[in-house]
Amino acid sequence: MGLLEGQRAFITGGASGIGRATARMMAAEGARVAVADINGDGAKEAAAEIGGLAFEVDVTDPEMVQAAVRDAAHAFGGLTIAFNNAGAGLLANVHEYSAEQWDQVVRLNLTGVFSGTKAAVPVILESGGGSIVNTASISGVRPSAGEAPYAAAKAGVIALTQSAALEYAPAIRVNAVSPGWILTGLTAPWKEIPGEEARAVERTPMKRLGEPEDIAKVVVFLCSDLAGFVTGQNIVIDGGMILHGAGVDGMLAYLQSAMRGDPPQYY
Ligand SMILES: NC(=O)c1ccc[n+]([C@@H]2O[C@H](COP(=O)([O-])OP(=O)(O)OC[C@H]3O[C@@H](n4cnc5c(N)ncnc54)[C@H](O)[C@@H]3O)[C@@H](O)[C@H]2O)c1
């Protein structure tokens, strides 16, 4: 019997990377899964792979999130898991971000998690309780230069997780995961920077970068009965990288020095 037998899950950012690996693993553990993503075709592909449902959803649009969660719950006869995972960041100095860029990053990474939680709580309560997991980041715990709106949003996700855990216990457990450098579409461009991948591996005690499945396993654990006494926590999954510094440490200085034609400079 799977760890999530009988569970019904809604996953944002489920078309690729961490969300997609989690959708696969949840389905393999017995859950029915709704894959929601701004990339509608990707969501359909990911859902077809696991016999799940697909929703084209932009998490920055609260009404779209609300409608998709409601439709998924209707189709599944309830909902017991929400994985609020969609997100992405930018890289610039604080004063170089436009107000629009700031809003865009916060709306995607923080307000998107709020909308997912707001939509999921009533249906999970109606379904007899369950679990919410939010994707934060090591950047929300230990920010790097260049990622102020992303880091602030991810720190906000951790705080939102804790407030929600207090509000909805014991019916709903609410936890966060904070990935380190995981090999997905989001980090693919970082590998193009000469020496950057080797530098990241060197700073990671486990001596490798993460795979999406490294995160999926912890999310499945958090949603299962194995974690029945765990709520309000943020689990850092980074191979120990944060002990030496965070994922994009020095990357902004490197890119700026390279654009000036100066020798590479990390700090
Ligand atoms: N990869 C890493 O190293 C890393 C590290 C820390 C945190 N994270 C976080 O993990 C989460 C998943 O990222 P990933 O690495 O799997 O990246 P990814 O790019 O592979 O997947 C992100 C998914 O989110 C979707 N998405 C983007 N904007 C959306 C929107 N407005 N509405 C709905 N869906 C949207 C994308 O289409 C994509 O399918 C993000 O929250 C990211 O911030 C990733």
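Predicted model: local features only at pLDDT ≥ 70, side-chain atom pairs only at ≥ 80, totals over all residues.
**View 1. The shell around the ligand.** The ligand is surrounded by 29 residues. G13, G17, G87, T184 and L186 are the closest of them. Helix α1, which covers residues 17-28, supplies 3 residues, the largest share of the shell. By class, the shell holds 15 polar, 12 nonpolar and 2 charged residues.

**View 2. The packing of helices α4 and α5.** Two packed helices are described by the angle between their axes and the distance between the axes. Here helix α4 spans residues 99-126 and helix α5 spans residues 148-168. Their axes lie 8 Å apart and form an angle of about 15°. Angles under 35 degrees count as roughly parallel, and α4 and α5 are therefore roughly parallel to each other. Their crossing is right-handed. On the α4 side, the residues that meet α5 are W102, V105, V106, N109, L110, V113, F114, T117 and V121. On the α5 side, they are P149, Y150, A153, K154, G156, V157, L160, A164 and Y168. This contact of α4 with α5 has 14 nonpolar, 3 polar and 1 charged residues.

View 3. R142 is found in the loop between β5 (130-135) and α5. A residue is buried if 20 or more other C-beta atoms lie within 10 Å of its own. R142 has 20 other C-beta atoms within 10 Å, so R142 is buried. Leaving aside neighbours within four places in sequence, R142 is in contact with I242 and A246. Between R142 and E192 there are 24 Å in space, C-alpha to C-alpha, and the two are 50 residues apart in sequence.

Terms used
Residues numbered from 1 in each chain as written. Near = placed C-beta within 6 Å. Helix = DSSP H or I, 4+ residues; strand = E, 2+ residues; numbered from the N terminus. Nonpolar A, V, L, I, M, F, W, Y, C, P; charged D, E, K, R; others polar. Axes fitted to C-alpha atoms, helices over the stretch in contact; angles between N-to-C directions. Parallel < 35°, antiparallel > 145°, perpendicular 65-115°, else oblique. Left-handed = near helix turned anticlockwise from the far one by under 90°. Contact = placed C-beta atoms within 7 Å. Buried ≥ 20, exposed ≤ 12 C-beta atoms within 10 Å, placed from the backbone.
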